[in-house]
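Good morning, colleagues, and thank you for the time. Please keep the sequence and the structure in view as I speak.

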Amino acid sequence: MNTQTGFDPNANHASTAPAYLSVWDIEAYYGESYIVQGVSFNVHEGEILALLGRNGAGKTSTLRTIARLGDPELKHGEIWLDHKPLHEMKSYEAATNGISLVPEDRRIIPGLTVEENLKLAQIAPPHGWSIDRVYDLFPRLGERRKQEGVTLSGGEQQMLAIARALCRDIKVLLLDEPYEGLAPVIVQEIAKTLNIIREQGITTIIVEQNAVAALKLADRAVILDTGSVVFDGSAKEVLENEQLRAQYLAI
Ligand SMILES: Nc1ncnc2c1ncn2[C@@H]1O[C@H](COP(=O)(O)OP(=O)(O)OP(=O)(O)O)[C@@H](O)[C@H]1O
Ligand SMILES: [Mg+2]
């Protein structure tokens, strides 16, 4: 029990509904460096979970471990997605099973238009949304379908990165700092689309330095500190707990 925040990371916070994505006691290393130090949390289907913490807390490393990128290397623990053992999978198998990581740098492919970036995402099955459906959600992308992807504004590039994920048959969207460098009005626009994506049944984990924006969007929050979970509860609880925010989020 953390006497300052009242949070007990060892308590059972699971709801009675079976978890859709279950991360259990994962430990991951970059070489000899022990970075993800026994992280556990559950995410329910269609939920948005904010994964928060200070710089270097291990947020990106946790997302990379869930996506099974191999770096950091998972050495202990289990990750289950809808009863499937992600911890036994390589990254391409995790992707085929519906995990999609949108990294911080967005990885828009140079030399390709918006539409070509989307078409490329659709080359291999399993297929997700049609390009028309994507343009319905992101009209800005439809208007710029012939523009080279890398010349889009930061916000539009983030939309393209999310849109590209939707072109695959995804179940869980892992977003690493989607709001980074974006104006508040664009953050609001992206948050609106993430709500629509949630209504379509997609489960999302959002990592954000802009904790307030992420908490306003999320149902639940997990806070990491030096590679361990220090809070797991409702997003509202974090917004209302000044001490927790000051201690682990510096806001
Ligand atoms: N490739 C790597 N090799 C060795 N150590 C790494 C590597 N990548 C990250 N680390 C270390 O792992 C720790 C966690 O990093 P991580 O990127 O997961 O943090 P984060 O919470 O995403 O931070 P930020 O908010 O700054 O993005 C840090 O101490 C970082 O220096
Ligand atoms: Mg990071």
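Predicted model: local features only at pLDDT ≥ 70, side-chain atom pairs only at ≥ 80, totals over all residues.

Residues are numbered from 1 along each chain as its sequence is written, chains are lettered from A and ligands numbered from 1 in the order in which they are written, and side-chain values use heavy atoms, with hydrogens and water left out.

Let us consider the chain as a whole. The protein chain contains 10 helices and 10 strands; these are DSSP runs numbered from the N terminus, helices being H or I of at least four residues and strands E of at least two. Its radius of gyration is 18 Å, close to the 18 Å that the globule rule gives for 251 residues, so the chain is as compact as a globular protein of that length. That radius is taken over C-alpha atoms, and the rule is 2.2 Å times the number of residues to the power 0.38. Along the principal axes, the C-alpha atoms fill a box of roughly 55 × 40 × 35 Å.

Of the 251 residues, 51% count as buried. Buried means under 20% relative accessible area, exposed over 50%, and partly exposed in between, with a 1.4 Å probe and protein chains only. The accessible surface of the protein chain comes to about 11600 Å², and 48% of it belongs to carbon and sulfur atoms; such areas come from the Shrake-Rupley method with a 1.4 Å probe, and for residues only the protein chains shown count as cover. Among contacts (heavy atoms within 4.5 Å) with a separation of 6 or more, 68% are between residues 24 or more positions apart.

I turn now to the sheet. In what order do the 6 strands of the open sheet stand? The order is 6-7-8-3-9-10, with mixed pairing; two strands pair if DSSP finds at least two bridges between them. Strand 6 (99–102) and strand 10 (228–234) are at the edges with a single partner strand each, so one side of each has no neighbour in the sheet. From one strand to the next, the twist averages 15°.

Val172 has Thr203 as its bridge partner in strand 8, and Ile99 stands opposite Val172. Further along, Leu175 is opposite Ile206 in strand 8.

Is strand 7 enclosed or exposed? Since 5 of its 5 residues are buried, strand 7 is largely enclosed by the rest of the structure. Val172, Leu174 and Asp176 point one way from the strand, and Leu173 and Leu175 point the other way. Helix 6 (residues 154–166) lies across strand 6 and strand 7, running at about 170° to strand 6. Here, axes are lines fitted to C-alpha atoms, for helices over the stretch in contact, and angles run from 0 to 180 degrees between N-to-C directions.

Next come two residues in other strands. Ser22, in strand 1 (residues 21–30), is buried, with a relative accessible area of 18%. Its side chain makes a polar contact of 3.0 Å with the side chain of Asn42. A polar contact is a pair of N or O atoms within 3.5 Å; within protein, one must be able to donate a hydrogen and the other to accept it, and residues adjacent in sequence count only if both atoms are side-chain atoms.

Leaving aside neighbours within four places in sequence, the contacts of Ser22 include Glu78. Glu78 lies in strand 4 (residues 73–81) and is partly exposed, at 30% relative accessible area. Its side chain is joined to that of Trp80 by a polar contact of 2.9 Å.

Finally, I draw attention to the backbone. A cis peptide bond joins Asp71 and Pro72, with omega about 10°. The bond from Pro125 to Pro126 is also cis, with omega near 0°. Glu177 has a positive phi, near 50°, and is buried at 9% relative accessible area. Thr226 likewise has a positive phi, of about 35°, but Thr226 is exposed at 56%.
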